[in-house]
Amino acid sequence: MQKNLITIFMSLFLIIFLVACQSDNKEVNDKNNENNNEQNEVDENKNENENNENNDVNNDHNNNNEETNTNDDTASLFQQIFESRDNVEIYDMDMGMDILINSPGGRDKSSVAVIGRIDEKNDEGNIELIEKNSNGETFQHAVFYDGAQYVSDGNTWQDNGTPLPAGSLKSSGTTYYNIIEAVRDFGEHAEVEEKDNKYIATYSGPAKDIFYIFQDVYNLSLTGADLETETTVEVEATFQKDTLFMEELLINISADADAGKIKFDIWNEFKDFNDTKIDIPKDLKKQLDL
């Protein structure tokens, strides 16, 4: 558009310059010629305005097309990321959440971390869960093996006595399989860039839509703060370009309201996709005569 405006401006300048030179050399012969010159200038101005309007319309149309194409590309990418979850069979994970609350009643901090390995294809897993709060720290070790779940507090193993239906491990709880379903919906709000052979999707802004997207998979709850005006969220997700597997997901939620301030820091790291195996702890192996 800038080039077109410069061209129009230079053309008008040339016409005015030529008319000025002719006026210096001789007077206008009659009133009709004067009227014709005025009419030409009116026509030129009219054409300029029409051209400018047409250029503006074309540019708006092109910008809308570019935005539509970008949105379509992003939607397509996140749909492919969602579909690629079926190619994830086993992985190592390190995930958790830190929660900080500052209110008139005092300050409270708690956290939960989940570290381990999950085989979604075979419903097997070896996971350690660590929780910290004002009352102290608790530890739990869980192993999913051969259709059963074994739990330990660090001392002895117990069979919880509940058989695991096929496919139940990956489809229940905060697993890669479920997280990616939420990430697909997050893609509607994300900006995506390509860097170091990875796709990086980010969002920063009001928390309303994003909070509801991740609410179920992380069991989030927030009261006393408006999600649109008093709560913000930052999200960053990193994907392998070749496989589209997600390597990292970071979510930071901050609320500042009359009731107080609260902050959620959620992290997820996935690695060694389809390149590892479930290890059964030695003491559990001994107990099961494996």
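Is Glu 181 buried, partly exposed or exposed, and what is its relative accessible area? Glu 181 is partly exposed, at 35% relative accessible area. The legends below refer to a predicted model.

**View 1. The salt bridge between Arg 85 and Glu 181.** Arg 85 pairs with Glu 181, and their closest N and O atoms lie 3.9 Å apart. The cut-off for a salt bridge is 4 Å, so this pair counts. Arg 85 sits in the loop between helix 2 (31-83) and strand 1 (90-103), while Glu 181 belongs to helix 4 (residues 176-186). The contact therefore ties together parts that are 96 residues apart in sequence. The Arg 85 end is buried, with a relative accessible area of 9%. The Glu 181 end is partly exposed, at 35%.

View 2. Among the buried residues are Tyr 176, Tyr 177, Ile 179 and Ile 180. Ala 182, Val 183 and Phe 186 of helix 4 are buried as well.

**View 3. The salt bridge between Arg 117 and Asp 92.** The closest N and O atoms of Arg 117 and Asp 92 are 2.4 Å apart. Arg 117 lies in strand 2 (residues 106-119) and Asp 92 in strand 1, so the bridge links parts 25 residues apart in sequence. Asp 92 counts as buried, at 10% relative accessibility.

**View 4. The salt bridge between Glu 247 and Lys 198.** Here the closest N and O atoms are 2.8 Å apart. Glu 247 is in strand 10 (residues 246-257) and Lys 198 in strand 8 (residues 198-206), so the pair ties together parts that are 49 residues apart in sequence. Lys 198 is partly exposed, with a relative accessible area of 27%. Elsewhere, salt bridges with shared partners join Asp 92, Arg 117 and Asp 279 into one network. Across the whole structure, the search finds seven salt bridges.

**View 5. The hairpin of strand 2 and strand 3.** Strand 2 and strand 3 (residues 124-133) run antiparallel and are joined by nine bridges. Asp 119 has Glu 124 of strand 3 as its bridge partner. Four residues separate the two strands of this hairpin. In the turn, Asp 123 has a positive phi of about 55 degrees.

**View 6. The hairpin of strand 3 and strand 4.** Strand 3 pairs with strand 4 (residues 136-145) in the antiparallel sense, over nine bridges. Leu 129 has Gln 140 of strand 4 as its bridge partner. Two residues connect the strands of this hairpin.

Methods: Residues are numbered from 1 along each chain as its sequence is written. This is a predicted model: local features need pLDDT of at least 70, side-chain atom pairs count only at pLDDT 80 or more; totals for chains, interfaces and linings use all residues. Side-chain values use heavy atoms; hydrogens and water are left out. A salt bridge is a side-chain nitrogen of Lys or Arg within 4 Å of a carboxyl oxygen of Asp or Glu. Buried means under 20% relative accessible area, exposed over 50%, partly exposed in between (1.4 Å probe, protein chains only). Two strands pair if DSSP finds at least two bridges between them.
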